[in-house]
Amino acid sequence: MKRFYRSVTVERVEGGYAVALDGRQIRTQGEGLPQTLPTRTLADLLAQEWSRQGEAIDLSGFPARALADYAIDRVTPDRGAAADRLMRFIDTDTLCFRADPEEPLHRRQMDVWEPILTRFEQRTGSRLVRVSGVMHRPQPAATLAALKTQLLEWNAFALAGLETLASLAASLTVALEVAEPGADAAALWAAAALEEEWQAELWGREAEAESRRARRRIEFMAARDFVLAARAA
């Protein structure tokens, strides 16, 4: 698609901020609603995507726009449903499921994952069950209730970004930790991909799998930037 606009600006509008192309506010791709954003930081992030485009528009260069549209069209009408979708990730959270203690992988999981879970528990005041082997154990009801209450305090845009983070990491704890200002995003992504890296070390690296993991890492970092921008003051 050929670039069809000259100027990209951020404007104050009713209810927040908006990106305008040649003075016209952008609308969502799905429902055609005004793309009103909650923070100036988030609006600047979306504006940068439009400004970076050359003479031909690269449709893959709009991860923040896609998340913003999803937040407006799908999350805003029912934030409770979005919180419920996120809560499914805690029940199968990667960091809570370990190999059998006699397996070498278990030691690495303990070294990498346990500090993250401990920090998460201290920050949120929750308690998470760790499981070794294939047997499933549910998380405490009090933990689930507290986490859902916290999620419902997030705006629709942050929830939309969290869904992407949790899906890519297969972990709500990683998603919530990486969404904290100052978090080491690279280390948290490495923790989420620990088992894939372990398998690659054991059996060798396959080009397609490595490329797929690299793309997921880029998506993860973009979603993290989106969440931080959505929660900025």
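## Close-up views of a predicted model

**View 1. R12 and Y17 face each other across two strands.** R12 stands opposite Y17, a residue of β2. This is a predicted model. The strands here are β1 and β2, and β2 covers residues 16-21. They pair in the antiparallel sense over six bridges. A second bridge partner to look for is A20 in β2, which is paired with T9. Strands of a sheet pair through backbone hydrogen bonds, either parallel or antiparallel. Between β1 and β2 lies a hairpin with two residues between the strands. There, G15 takes a positive phi near 90 degrees.

**View 2. Three strands make an open sheet.** The order is β1-β2-β3, and the pairing is antiparallel. Which strands stand at the edges? They are β1 and β3 (24-25). Each has a single partner strand, so one side of each is left without a neighbour in the sheet. β2 and β3 pair over two bridges. In one of these strands, β3, Q25 is the bridge partner of A20. A20 is also the bridge partner of T9. The hairpin of β2 and β3 has two residues between the strands. D22 in that turn has a positive phi of about 50 degrees. Is β2 buried or exposed? Six of its six residues are buried, so β2 is largely enclosed by the rest of the structure.

**View 3. M1, F4 and L59 form a nonpolar patch on the surface.** Together these residues have about 380 Å² of accessible area. M1 lies in the segment before β1 (8-13). Its relative accessibility is 61%, so M1 counts as exposed; the cut-off for exposed is over 50%.

View 4. Helix α2 runs over residues 63-75. Its buried residues include A64, L67, A68, A71, I72 and V75. What covers the buried residues of α2? The cover includes α1 (40-51), α3 (79-91), α6 (156-169) and α10 (207-230).

View 5. Side chains of opposite charge can pair when their charged atoms come close. For D44 and R40, the closest N and O atoms are 2.9 Å apart. The two residues are four residues apart in helix α1, so about one helical turn separates them. D44 is partly exposed, at 28% relative accessibility. R40 is partly exposed as well, with a relative accessible area of 41%.

**View 6. R98 and E114 form a salt bridge between a strand and a helix.** The closest N and O atoms of R98 and E114 are 2.9 Å apart. This pair links distant parts of the chain, 16 residues apart. R98 sits in strand β4 (residues 97-98), while E114 sits in helix α4 (residues 104-124). Are R98 and E114 buried or exposed? Both are buried.

**View 7. R130 and E121 form a salt bridge.** Here the closest N and O atoms are 2.6 Å apart. R130 is partly exposed, with a relative accessible area of 23%. E121 is buried, at 15%; buried means under 20%.

View 8. Which residues does the network join? They are E196, E197, R205, E210, R213 and R216. E196 lies in helix α9 (residues 194-203). Beyond residues up to four places away in sequence, E196 touches R213 and R216. E196 is partly exposed, with a relative accessible area of 33%. How far is E196 from V13? They are 183 residues apart in sequence and 45 Å apart in space, C-alpha to C-alpha. The count for the model comes to 20 salt bridges.

**View 9. The protein chain as a whole.** Step back from the close-ups. The chain has ten helices and five strands. Its C-alpha trace spans about 65 × 45 × 30 Å along its principal axes. The radius of gyration is 20 Å; a compact globule of 233 residues would have one near 17 Å, and the two values agree. Buried residues make up 44% of the 233 residues. The chain exposes about 12,000 Å², and carbon and sulfur atoms supply 53% of that area. Of the contacts with a separation of 6 or more, 63% come from residues 24 or more positions apart.

Conventions: Residues are numbered from 1 along each chain as its sequence is written. This is a predicted model: local features need pLDDT of at least 70, side-chain atom pairs count only at pLDDT 80 or more; totals for chains, interfaces and linings use all residues. Side-chain values use heavy atoms; hydrogens and water are left out. Patches are made of residues with over 30% relative accessible area and no salt bridge: like charges are joined within 9 Å, nonpolar side chains (Val, Leu, Ile, Met, Phe, Trp, Tyr) within 5 Å. Accessible areas come from the Shrake-Rupley method with a 1.4 Å probe; for residues, only the protein chains shown count as cover. A salt bridge is a side-chain nitrogen of Lys or Arg within 4 Å of a carboxyl oxygen of Asp or Glu. Buried means under 20% relative accessible area, exposed over 50%, partly exposed in between (1.4 Å probe, protein chains only). The radius of gyration is taken over C-alpha atoms; the globule rule is 2.2 Å times the number of residues to the power 0.38. Contact means heavy atoms within 4.5 Å. Two strands pair if DSSP finds at least two bridges between them.
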